[in-house]
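Reader: I would like to go through this model with you and ask, step by step, what lies behind the terms used for it.

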Amino acid sequence: MVSYPRVPGHELAGVIDAVGPEVPGEFALGTAVLVVPYTNCGECSACRKGRPNACRNNQTLGVQRDGGLAEEIVVPASKLLTSRRLSLREMVLVEPLSVGWHAARRGRAAAGETVVVFGCGMVDWARSLALPRQGRGSSPSMSLKRSSASGARRAQA
Ligand SMILES: [Zn+2]
């Protein structure tokens, strides 16, 4: 799944430093962009079903390809998003917050149920915040690692 050596970083944003000849005008030099770190082939069964996020040939930046800690990376314009409101620091949070939101929704907890989220990383924290905002009840977070257990939080409803 992962080949080494690899430059990590799949949660990334940056500033456009160069563009190819067919890149849409909204991605001009100097534009701040959020990078979607996943690739999709467009041909596998998942892609054909309209689920590019589950592409069998995905090569995630920072996992199968060098990622955001590289000095420069080249990505297709189709994997860039711009924002008029988010700073670069906020753009970096979009990927983990989206994963947490998606995980909370896929969990299908009913309103009023208590859901235990194992882990206190960024995605787990986002999932804990998403549950009550989706009307799915409260969510204590738990970690099996002593060092990160002190960071456990209970999401505010
Ligand atoms: Zn595919």
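Reader: What share of the residues of the protein chain count as buried?

Author: This is a predicted model, and of the 157 residues of its protein chain, 20% count as buried, a residue being called buried if 20 or more other C-beta atoms lie within 10 Å of its own.

Reader: What makes up the largest nonpolar core?

Author: The largest nonpolar core has nine residues, namely Ala104, Val115, Val117, Cys120, Val123, Trp125, Ala126, Ala130 and Leu131, and the largest share of this core, five residues, comes from helix α4, residues 122-133. The set is called a core because its residues are buried and are joined through C-beta atoms within 7 Å. A second, separate core of eight residues includes Ala13, Leu34, Val36 and Met91.

Reader: Why are α3 and α4 called oblique to each other?

Author: The axes of helix α3, residues 94-106, and α4 cross at roughly 50° and come within 7 Å. Angles under 35 degrees count as roughly parallel and 65 to 115 as roughly perpendicular, and α3 and α4 are therefore oblique to each other. Their crossing is right-handed.

Reader: Which residues of α3 and α4 meet, and how many of them are nonpolar, polar or charged by class?

Author: In α3, Pro96, Leu97, Val99, Gly100, Trp101, Ala103 and Ala104 meet Met122, Val123, Ala126, Arg127, Ala130 and Leu131 in α4. By class, this contact has 11 nonpolar, one polar and one charged residues. Leaving aside residues up to four places away in sequence, Ala130 touches Gly100, Trp101 and Ala104.

Note on methods. Residues are numbered from 1 along each chain as its sequence is written. This is a predicted model: local features need pLDDT of at least 70, side-chain atom pairs count only at pLDDT 80 or more; totals for chains, interfaces and linings use all residues. A residue is buried if 20 or more other C-beta atoms lie within 10 Å of its own, exposed if 12 or fewer, and partly exposed in between; C-beta atoms are placed from the backbone. Helices (H or I, at least four residues) and strands (E, at least two) are DSSP runs, numbered from the N terminus. Two residues are in contact if their C-beta atoms, placed from the backbone, lie within 7 Å. Axes are lines fitted to C-alpha atoms, for helices over the stretch in contact, and angles run from 0 to 180 degrees between N-to-C directions. Angles under 35 degrees count as roughly parallel, over 145 as roughly antiparallel, 65 to 115 as roughly perpendicular and the rest as oblique. A crossing is left-handed if the near helix is turned anticlockwise from the far one by less than a right angle, and right-handed if clockwise. Ala, Val, Leu, Ile, Met, Phe, Trp, Tyr, Cys and Pro count as nonpolar, Asp, Glu, Lys and Arg as charged, and the others, Gly among them, as polar.
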